[in-house]
Amino acid sequence: MSKKWVDGIITDMTAEEQEQYDADVARLTQQEIDLETAKETNDNLKASAKAKLIAGEPLTEEEANTIVL
C-alpha cells in the first residue's frame, strides 16, 4: 500500500484510494507515451519533407502541413 500525507499525518491509502492512484499513474504514463509518439511522428514528417524539398520532390499534404514559415 502507498502512503498519503493529510494534514501533516502520513497514513496508508484505502483500497479505493490505491486503486484510483494506480489508475491515474497508468493513465498519465500512457499520455506520456502518446505525446512522445506524436512528437516522433511529427519529427519524421519534418525530416521527410526536408529531404523531399532538397531533392526537389513534391510533398504530401501531411508533410506540407508540418512546414512553418
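This is a predicted model: local features need pLDDT of at least 70, side-chain atom pairs count only at pLDDT 80 or more; totals for chains, interfaces and linings use all residues.

Biologist: In which helix is the place of Q18?

Modeller: Helices are DSSP runs of H or I with at least four residues, numbered from the N terminus. Q18 sits in helix α1, which covers residues 15-55. Helix α2, made of residues 61-65, holds E63.

Biologist: Is Q18 buried or exposed?

Modeller: Buried means under 20% relative accessible area, exposed means over 50%, and partly exposed lies in between, using a 1.4 Å probe and protein chains only. Q18 has a relative accessible area of 13%, so it counts as buried. E63 is buried too, at 4%.

Biologist: Which residues is Q18 in contact with, leaving aside its neighbours within four places in sequence?

Modeller: A contact means heavy atoms within 4.5 Å. With those neighbours set aside, Q18 is in contact with M1, S2 and M13. For E63, not counting residues up to four places away in sequence, the partners are L45, S48, A49 and K52.

Biologist: How many salt bridges does the count come to?

Modeller: A salt bridge is a side-chain nitrogen of Lys or Arg within 4 Å of a carboxyl oxygen of Asp or Glu. By this rule there are five. One of them joins the side chains of K3 and D12, at 2.7 Å from N to O. K3 is exposed, with a relative accessible area of 53%, while D12 is partly exposed at 43%.

Biologist: How many residues apart are K39 and D43 in helix α1?

Modeller: They are four residues apart, about one turn of the helix. Their salt bridge has its closest N and O atoms 2.8 Å apart. K39 counts as exposed at 52%, and D43 is partly exposed at 36%.

Biologist: What joins the side chains of K52 and E63?

Modeller: Another salt bridge, at 3.2 Å from N to O. K52 lies in helix α1 and E63 in helix α2, so this pair ties together parts that are 11 residues apart in sequence.

Terms used:
Residues are numbered from 1 along each chain as its sequence is written. Side-chain values use heavy atoms; hydrogens and water are left out. Helices (H or I, at least four residues) and strands (E, at least two) are DSSP runs, numbered from the N terminus.
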